[in-house]
Amino acid sequence: MTAPPSPDPLLHGMMALALDAGKVILEFYDGGADVTLKPDASPVTSADLAAEAIILAGLQLLAPDIPVIAEEAVARGAIPKAARQFFLVDPLDGTKEFISRNGEFTVNIALIEAGQPVAGVVYAPAIGRLFWGEQGKGAAEVAIADPKAKEPPPAGRRIAALQAATGSPIRVVASRSHRDGETDRFLASLGDCEIVSAGSSVKFCLVASGEAQLYPRFGRTMEWDTAAGHAVLAAAGGTVVTADGAPLLYGKEAAGFANPPFIAAAGHLGEVNRFSTTSP
């Protein structure tokens, strides 16, 4: 087996914060969490808020000069300016999965530089899977056997995005909670493919680990939903493009940090663009 990459100290600190946030989330998952609705009618729980507090405090100690754009802080009106370098945080991505107790929720922490996700951590504490990726280093998955353990996790294994074998159907991962008509039409256009449903940013990681080859998303997402998974997939050799074939970028303040429709896939930009909705 190829040795796993070794994360830089900043990414190592991001991983530690994700693990700490995951421990707190699991306490609410086991004991119950209060659920309220934000102004946009999306749910937020006491677990989201507690996890974000841990991550924000930790990032302030880890990298005090790098601004942080975090989902629940933004909902409260705390929106720092997106600098050339900034963090994007979703403390509990897949709140609907958390509430329905299917385990497919994640902690997402990403570092953005010049619009590109250059490092990211995606941790799914209920299913014991932690993924990380770093530009120039590669990507890895770490199995977390005991999410409440105080000892650091093992090194993990290197992962790589893999295209479907010749003659095999493409394996496509689609949103479990946010499927829409446009996604269904896109899936139908692919012809012979295998559909796998999953929640949260786990979908990016399934492509990054070779368990799927394509993740299309035409419904609304925000930058903090996608940045960490995007970073993992990019480091694993995959690509994320908008529906018109342009690279998906971050720091879109004028759009309120909302993403356009996108397609995440194994392979480089030219290969992924054949799936774009404007391809000939």
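Predicted model: local features only at pLDDT ≥ 70, side-chain atom pairs only at ≥ 80, totals over all residues.
Q: Is K137 buried, partly exposed or exposed?
A: Its relative accessibility is 32%, so K137 counts as partly exposed. D8, at 33%, is also partly exposed.

Q: How many salt bridges does a search of the whole structure find?
A: The search finds 7. Among them, R129 and E211 meet at 2.7 Å, N to O. R129 lies in strand β7 and E211 in the loop between α6 and β12, so this pair ties together parts that are 82 residues apart in sequence. Another joins R171 to E194, with the closest N and O atoms 3.2 Å apart. R171 is in strand β10 and E194 in strand β11, 23 residues apart.

Q: Which residues do salt bridges with shared partners join into one network?
A: They are R129, E141, R157 and E211.

Q: Where is S200, which has a positive phi although it is not a glycine?
A: S200, with a phi of about 60 degrees, lies in the loop between β11 and α6. At 9% relative accessibility, S200 counts as buried. A114 also has a positive phi, about 50 degrees, without being a glycine. A114 is in the loop between β5 and β6, and is partly exposed at 47%.

Terms used: Residues numbered from 1 in each chain as written. Heavy atoms only, no water. Helix = DSSP H or I, 4+ residues; strand = E, 2+ residues; numbered from the N terminus. Buried < 20%, exposed > 50% of the residue type's maximum accessible area, 1.4 Å probe, protein only. Salt bridge = Lys/Arg side-chain N within 4 Å of Asp/Glu carboxyl O.
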